[in-house]
Amino acid sequence: MADLSKYRNIGIFAHVDAGKTTTTERILKLTGKIHKTGEVHDGEATTDFMEQEAERGITIQSAATSCEWNDHRMNIIDTPGHVDFTIEVYRSLKVLDGGVGVFCASGGVEPQSETNWRYANESEVARVIFVNKLDRMGGDFYRVVDQVENVLGANPLVMVLPIGIEDDFTGLVDLLTRKAWVWDDSGRPENYEIQDVPADMADAVEEWREKLIETAVEQDDDLMEKYLEGEEPSVEDIKRCIRKGTIALDFFPTYCGSAFKNKGIQLVLDAVVDFLPNPTEVKPQPITDEEGNETGEVATVDEKEPFRALAFKIMDDRFGALTFIRVYSGVLKKGDNVLNTFTGKTERIGRIVEMHADERIELDGAQAGDIVAVVGMKNVQTGHTLCDPKHPGTLEPMVFPDPVISIAVAPKDKGAAEKMGIAIGKMVAEDPSFRVETDEDSGETILKGMGELHLDIKIDIMKRTHGVEVTVGAPQVAYRETITQKIEDTYTHKKQTGGSGQFAKIDYIIEPGEPGSGYEFESKVTGGNVPREFWPAVQKGFDVSAEKGVLAGYPCLDFKVTLMDGGYHPVDSSAVAYELAAKAAYRQSMPKAGAQLMEPIMKVDVFTPDDHVGDVIGDLNRRRGMIQGQDAGATGVRIKAECPLSEMFGYIGDLRTMTSGRGQFSMEFLHYMPCPKNVAEEVIKEAKEREEASKK
């Protein structure tokens, strides 16, 4: 069995364009995993293997790869930085033990880095910080360290100082060893020399080194006492303290360099080995029962324990479906039967592969601590637990945010309809933040996602990967109708056409119901004027009619019909006659009962930096939003509001403009509320125009 203390499961995450993918490329080159480094700007990066990624120069899917450094095995996941793909970061952090947060030396702490940092805090992932792009114009290591403290509310532990800045950046001083690493201009990572500290940096090095040691020895009371008495601890002791503090999330060892110019990557890899936890040092995952309540058991990282693994990503590529799993405990071998606790079904494990971006290396098995991919699993989705059928138990599932934007799509021709269904099915399995549903009113296929870029790329994947051409429509709001007044009315349905005719008379009350009650029916007929066997027909007539309101044809909600009396004919009355009477009664009485249009109100949660709170609140007010409250946090303010859905289209773009790209929001359906008169008139007018157009 492999030695778990030599394992590191790490993720690389940051804001768009801070250099995550380039950093991953350099790590792979340094560890001998690849022999030619691919550049993001040439569309040749190893982990950006989707066409859309190579073209746009952004990472869309998290990619998994593994390599070796100093006799340690590293499983690395390169995650996307764009806000629309945050889900990828979230699910990757869920299965990692440590992370490298990459920040751009000139851009500093950017909005997406804040989100990712927040996710990493929630997942309690230990991190080291790498300030990249020090060779760039405006690169400033000390400013970024300051921002990590003030914007993220984190505690950076500076481990190295840069020698020179921008074009003059040549190397780093390692504060622990007081040695300078200086690279030449060849751009090759192995071309460096270890020298003495430059004379002009001696004071700064001593000052920062003292801060480093003071912070580190706080982890060990004995060392701290000795240090206060003037005895300096050994480098080994300091490293031990740094490791303890990093795993406890007390501070984050901070490095710098230039991934593109191959400077400083070795020190980051050393830090991953020295300071980030191995799989046995992180808090074990709790086991839950079917209802999601914790059982008190945990999945201890140990190959002797029963098998437990979490599927954290599904990927469909040219070889078939791949399920990425993180094994928490036990051992998995080819041919094993495993239980999916979500579906309750067992599946047989066929091939197990280790992924290197989109290449695969066949494996015989996997053990606790491993991240591997399994080929050809049928019913497994992201967040499902796979376990030993004899010892069932569910790992804490992942919770995904609800989509915030939706569009209608239709295939361009009949032949594409089936292909579109298959393509959407595969895409939904791969990405839990992408949902699909059929609108019952219009029969359209509605795609829902995390943002406009998210849906744009899904349409692109459908077109290129699956060869499905679709037309994309504008989003529609699902309005509803109701009534505001109580009305008593009567209706008689008579039809004589020779032979037996049709007769039904009903006296009824229609009144507004409780919000959320839907449609209710009650009969108070006594004396048999409407025989009991015809009551269900009357109920059905109103029920069917309620699907189409009298104002704009939207379903009608929250009203009650009470059948009071009526009349019947022994020959001509029938269930059909009473049903037709009820339908006509609905059309006759609803307009008199103060029919009103209702609109969906969304619960909106907006996150904004402090300096933009006024703009965001003003904008929400302009969108007819009601502010419910605001909470200040370390990195900004959360504003809770209730807003009509019709006013929220395109909001993400406006929010990002207002907050320099740092704002974010999520929204979910809350309830229906009456529409203001001017909005209702506009909607009714549009509905009538649509109806006229369809008649033509």
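**View 1. A charged side chain over an aromatic ring at W117.** The charged end of R127 is placed over the ring of W117, 4.3 Å from the centre of that ring; a charge is taken to sit over a ring if NZ of Lys or CZ of Arg is within 6 Å of the ring centre and within 35 degrees of the ring normal. W117 also belongs to an aromatic cluster, together with F103 and F252. This is a predicted model, in which local features need pLDDT of at least 70 and side-chain atom pairs count only at pLDDT 80 or more, while totals for chains, interfaces and linings use all residues. Residues are numbered from 1 along each chain as its sequence is written, and side-chain values use heavy atoms, with hydrogens and water left out.

**View 2. A lysine over the face of W208.** K211 lies over the face of W208, at 3.9 Å from the ring centre.

**View 3. The tilted ring pair of W183 and Y192.** The structure holds twelve aromatic pairs. In the pair shown, the ring centres of W183 and Y192 are 5.8 Å apart and the planes meet at 50°, so the pair is classed as tilted. Rings of Phe, Tyr and Trp (for Trp, the six-membered ring) pair if their centres lie within 6.5 Å; planes under 30 degrees apart count as stacked, over 60 as edge-to-face and the rest as tilted. W183 is buried, at 4% relative accessibility, whereas Y192 is partly exposed, with a relative accessible area of 32%. Here buried means under 20% relative accessible area, exposed means over 50%, and partly exposed lies in between (1.4 Å probe, protein chains only).

**View 4. The salt bridge between E206 and R178.** A search of the whole structure finds 20 salt bridges, each being a side-chain nitrogen of Lys or Arg within 4 Å of a carboxyl oxygen of Asp or Glu. One of them joins E206 to R178, with the closest N and O atoms 2.8 Å apart. E206 lies in helix 6 (residues 202-217) and R178 in the loop between strand 8 (171-174) and strand 9 (179-183), so the pair ties together parts that are 28 residues apart in sequence. Helices (H or I, at least four residues) and strands (E, at least two) are DSSP runs, numbered from the N terminus. E206 is partly exposed, with a relative accessible area of 36%, and R178 is also partly exposed, at 34%.

**View 5. The salt bridge between E579 and K540.** The closest N and O atoms of E579 and K540 are 3.8 Å apart in this salt bridge. E579 lies in helix 13 (residues 575-589) and K540 in helix 12 (residues 535-545), so the contact ties together parts that are 39 residues apart in sequence. E579 is buried, with a relative accessible area of 17%, while K540 is partly exposed, at 46%.

**View 6. Further salt bridges.** D619, R622, R623 and D654 are linked in a network of salt bridges. Elsewhere, the side chains of D507 and K505 meet in a salt bridge with an N to O distance of 3.5 Å. K505 is partly exposed, with a relative accessible area of 27%.

View 7. D220 caps the N-terminal end of helix 7 (residues 221-228), where a side-chain oxygen lies 3.0 Å from the backbone nitrogen of D222. Such a polar contact is a pair of N or O atoms within 3.5 Å; within protein, one must be able to donate a hydrogen and the other to accept it, and residues adjacent in sequence count only if both atoms are side-chain atoms. Just after helix 7, G230 takes a positive phi of about 100°.

View 8. K133 is not a glycine, yet has a positive phi of about 65°. This residue is found in the loop between strand 5 (126-132) and helix 5 (141-150), and K133 is buried at 17% relative accessibility. L249, another residue other than glycine, has a positive phi near 65°. L249 lies in the loop between helix 8 (235-247) and strand 11 (252-256) and is partly exposed, with a relative accessible area of 25%.

**View 9. The side-chain contact of S329.** S329 is part of strand 15 (residues 320-329) and is buried, at 2% relative accessibility. The side chain of S329 reaches the backbone oxygen of P306 at 2.7 Å.

**View 10. Two buried cysteines.** C556 is buried, with a relative accessible area of 9%, and C643 is buried, at 0%. A search of the whole structure finds zero disulfides, a disulfide being a pair of cysteine sulfur atoms within 2.5 Å.
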